[in-house]
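Please look over the sequence and the fold shown below before reading on. The paragraphs after it lead through the structure step by step.

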Amino acid sequence: MRLLGNIIWFLLGGIFLGISWWILGVLMYILIITIPFGKASFVIGNFCFFPFGKELISRKELSGKDDIGTGALGLIGNIIWIIIAGIWLCIGHVISGVICCITIIGIPFGIQHFKIAGACFAPIGKTVVTKEVAAAALKANAEAKIDNLRK
């Protein structure tokens, strides 16, 4: 089902979404000071091509380690991102998601737009992985927190 959903998504607009995110990423790299935003744009662009069966999670949750994008600088970057572009991209994906959800056939595609809207809101410090990897990482982190609390 994921494969079919991804193929339909890609052919009916995912290719254009992904390419538009990549173009935004290239522009961000050209401006040099916005390179962290460019990297986040490429991550979301890849997510837009084939979103079925994938999740966006924090790199800290995945690796268990902080990096520059998951700390204070990442928070500041996400705040700047929200003000400059994130809110508008999020609104666009929410509107697209609502339009897709008008028909029963479009509901899965609307859900994917809502996932991408969440990714648009705070992309710095995040990465895209399969749902299974995301679930395993979250479970491992939860077990580690429980072990720390019991000590």
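Predicted model: local features only at pLDDT ≥ 70, side-chain atom pairs only at ≥ 80, totals over all residues.

Residues are numbered from 1 along each chain as its sequence is written, and side-chain values use heavy atoms, with hydrogens and water left out.

A pair of aromatic rings is described by the distance of the centres and the angle of the planes. Here rings of Phe, Tyr and Trp (its six-membered ring) pair if their centres lie within 6.5 Å, and planes under 30 degrees apart count as stacked, over 60 as edge-to-face and the rest as tilted. By this rule the structure holds 10 aromatic pairs. One of them joins W21 and W81, which are stacked at 6.1 Å centre to centre with 25° between the planes. This pair links distant parts of the chain, since W21 belongs to helix 1 (residues 2-30) and W81 to helix 4, 60 residues apart; helices are DSSP runs (H or I, at least four residues) and strands likewise (E, at least two), numbered from the N terminus. Both W21 and W81 are buried, where buried means under 20% relative accessible area, exposed over 50%, and partly exposed in between (1.4 Å probe, protein chains only).

A tilted pair is formed by W22 and F42, with 6.5 Å centre to centre and 55° between the planes. Because W22 lies in helix 1 and F42 in helix 2, this pair ties together parts that are 20 residues apart in sequence. W22 is partly exposed at a relative accessible area of 34%, and F42 is likewise partly exposed, at 27%. W22 and F42 also belong to one aromatic cluster, together with F10, Y29, F49 and F50.

Rolling a probe the size of a water molecule over the atoms shows where empty space is left. On a 1 Å grid over the protein atoms alone, a pocket is an open set of points where a 1.4 Å probe fits, with protein on both sides within 12 Å along at least five of seven lines, and lining residues have an atom within 4 Å of a point. The largest pocket has a volume of about 320 Å³. Its lining has 18 residues, of which P36, F37, I68, G69 and I124 lie nearest the centre, and helix 2 (35-49) and helix 4 (72-100) each supply at least two of the lining residues.

Helix 4 also holds N78, which counts as buried at 11% relative accessibility. Leaving aside residues up to four places away in sequence, N78 touches F121, A122, P123 and I124, contact meaning heavy atoms within 4.5 Å.

How many disulfides does a search of the whole structure find? The search finds zero, a disulfide being a pair of cysteine sulfur atoms within 2.5 Å. The sulfur of C48 has its closest cysteine sulfur in C120, 6.5 Å away and therefore too far for a bond. For C120 the closest cysteine sulfur is in C90, also 6.5 Å away and too far for a bond. C48 is buried, with a relative accessible area of 0%, and C120 is buried at 0% as well.

Finally, in the loop between helix 1 and helix 2 sits I32, which has a positive phi of about 60° although it is not a glycine. I32 counts as exposed, at 61% relative accessibility.

Key
Points joined across faces, edges and corners; volume = space filled by probe spheres on them.
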